[in-house]
2 protein chains.
Amino acid sequence: MRDRLRIVSVCVAILATLLRAPLASAADPLASWNDGAAKKSIVGFVAAATRTGGPGFIPPAERIAVFDNDGTLWAEQPYYFQLAFAFDRIRALAPQNPKWRTTEPYASVLASDIKTALAGGEKAIAEIVMVTHAGMTTDAFAKIVADWIATAKHPRFDRPYTEMVYQPMLELLAYLRANGFKTYIVSGGGIEFIRVFSEKVYGVPPEQVIGSTIDTKFELRDGKPVILREPAIDFIDDKAGKPVAINKFIGRRPVFAFGNSDGDQQMLEWTAATGRAHFMGLVHHTDAEREWAYDHPSAVGQLDTALGEATAKGWTVIDMKKDWKRVFPFEEMPAAK
Amino acid sequence: MRDRLRIVSVCVAILATLLRAPLASAADPLASWNDGAAKKSIVGFVAAATRTGGPGFIPPAERIAVFDNDGTLWAEQPYYFQLAFAFDRIRALAPQNPKWRTTEPYASVLASDIKTALAGGEKAIAEIVMVTHAGMTTDAFAKIVADWIATAKHPRFDRPYTEMVYQPMLELLAYLRANGFKTYIVSGGGIEFIRVFSEKVYGVPPEQVIGSTIDTKFELRDGKPVILREPAIDFIDDKAGKPVAINKFIGRRPVFAFGNSDGDQQMLEWTAATGRAHFMGLVHHTDAEREWAYDHPSAVGQLDTALGEATAKGWTVIDMKKDWKRVFPFEEMPAAK
């Protein structure tokens, strides 16, 4: 018995020593990031957070990293992808709803005149979301989303939406997890929409996805329990809602936050006030060629006051054009200079 | 380089061999459970859930275990401990609220006439909860709870409330985690109340605590972000609310659930419908000597319809008196027969 324990402890000690030394062949975990201030600030923060006893050390349990989704982990142009889903659902449900051909905003959606459809503002969008996202069980909704995401293509790139994700951010998520961070999505998008693909696409399990919610109701149907999605907003996870939802779902303050718009400003402010070492990052869309270039004014992902605060407070702002070697996974990696 | 890898793999192989063999001294992880049908059903379920390729196997990511708190993990008599907290807060705040001496339900609380104080029913309780749980920042509230839980004592046992936990359930939580389960608390109690002590007492981190919530609001106070607790109910995590909250917070169906009252019935029904192997357990309070004996009718933790369903469907019902060797950690372990 004592011998076995001695062998175990010797083996553990040898392993610890060998594994601590960097392997010569280790690839750059942030290979799609150009060397520069942004990459340096990320790597420096993570190195300090994991250096036991150092001034920037963060205990593993407190390594909470939160990411916005639209415009931060995947693209959001020409309009939020969840809206594309809703438009496709309107088209799919139109045969059972003949009145839609003559009623706004449905008529414009069916005529593919998205601009007119959205002219009704939040009220029109809420109506479109409700008829396409409510009135079914959570299981049925998850299947509808799964079927859509497996087949729908982005209008400009003709790629599945799940390929419209940012390769540098996928690397960042994996890099943080490899360093003991728990990665969360905190999105204005629907929680049950994102959960369908978050694990496969981002490596983020459903219980680490926070988003907007509609009312749901537990019910026994012929003795079988179901949860029904009802046509009423429960919570909008945007702007000041983001720290509120983080506090409710996680109950800890994040130490790392990434966003891209004014909708993420309060989440970044909340992260900056953690009391521990912290990192705040913003994706600035500056690349019209490989992606899009926009900040403000913009109907989608407006970045104005958050950019001002980032500049004033020294948050890390990613210049997509300069900081990212490639944007999407389907792009070839540029040859090394 | 190659040598290092060879040493690593040899060490790993030695460790794997040594650790796979059971240590002769390995203690029973459920030492406070008497051998019997209840213990057998738990151990059998966990053994099957972790047997790769077996019919009861559950992939690690799906090993979600949910536990009610009041009456399941800690006691709930003579009234919910969070209510004891509220009563103590009323006493502490009374000097600043002179009118309370002549206004119900405060006057009765101050006179330690809890029965009359609670005679006002849900309305009176809601009022007591709001004046004691709202109107401060989340940080301030957490400190108030931490101070209280460190000093308050249970009226019958004269022990801190954090010692009024069930030793067999602490062992069960640890046993499940050792077998790859993620343990959650799903309580009718306040989420921010439980989170103050859940990690220390149960080993359940704040992000795995789900509970009732009041409205909260993000605000900048002199440029410093705070979250304020407001005097309005957001969500009651009880009865049909439990599966709704599980779906919202976790986004997966549990495979293991433990409760003790009709308030847990829907959570257990939802677990039974997972589609995977599953376990549903109920604590039946049958031990007036070591704890309390009650089921229905009962003002606290009523167990009636859920017990009927458990009997009809073969859920595991713990008979506290027969199944538990000891109830609280401060009891001595009975000598082996």
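Student: Which ground rules apply to the numbering and the values?
Tutor: Residues are numbered from 1 along each chain as its sequence is written, while chains are lettered from A and ligands numbered from 1 in the order in which they are written. In this predicted model local features need pLDDT of at least 70, side-chain atom pairs count only at pLDDT 80 or more, and totals for chains, interfaces and linings use all residues, with side-chain values based on heavy atoms, leaving out hydrogens and water.

Student: How many helices and strands does chain A have?
Tutor: Happy to start there! Helices (H or I, at least four residues) and strands (E, at least two) are DSSP runs, numbered from the N terminus. On that basis, chain A has eight strands and 14 helices.

Student: What is the radius of gyration of chain A?
Tutor: It is taken over C-alpha atoms, and the globule rule is 2.2 Å times the number of residues to the power 0.38. For 337 residues the rule gives 20 Å, and the value for chain A is close to that, so the chain is as compact as a globular protein of that length. The radius of gyration is 22 Å.

Student: Where does A:P297 lie?
Tutor: Most peptide bonds are trans. The bond joining A:H296 and A:P297, however, is cis, with omega about -10°. A:P297 lies in the loop between strand 7 (293-294) and helix 13 (305-313) of chain A.

Student: Which peptide bond of chain B is cis, with omega near 5°?
Tutor: Look in the loop between helix 3 and helix 4 of chain B, the place of B:P105. The bond in question runs from B:E104 to B:P105.

Student: What is the relative accessibility of A:K239?
Tutor: Most residues other than glycine have a negative phi. A:K239 is not a glycine, yet its phi is positive, about 50°, and its place is in the loop between strand 4 (224-235) and helix 11 (241-249) of chain A. A:K239 counts as partly exposed because its relative accessibility is 44%.

Technical notes:
Buried < 20%, exposed > 50% of the residue type's maximum accessible area, 1.4 Å probe, protein only.
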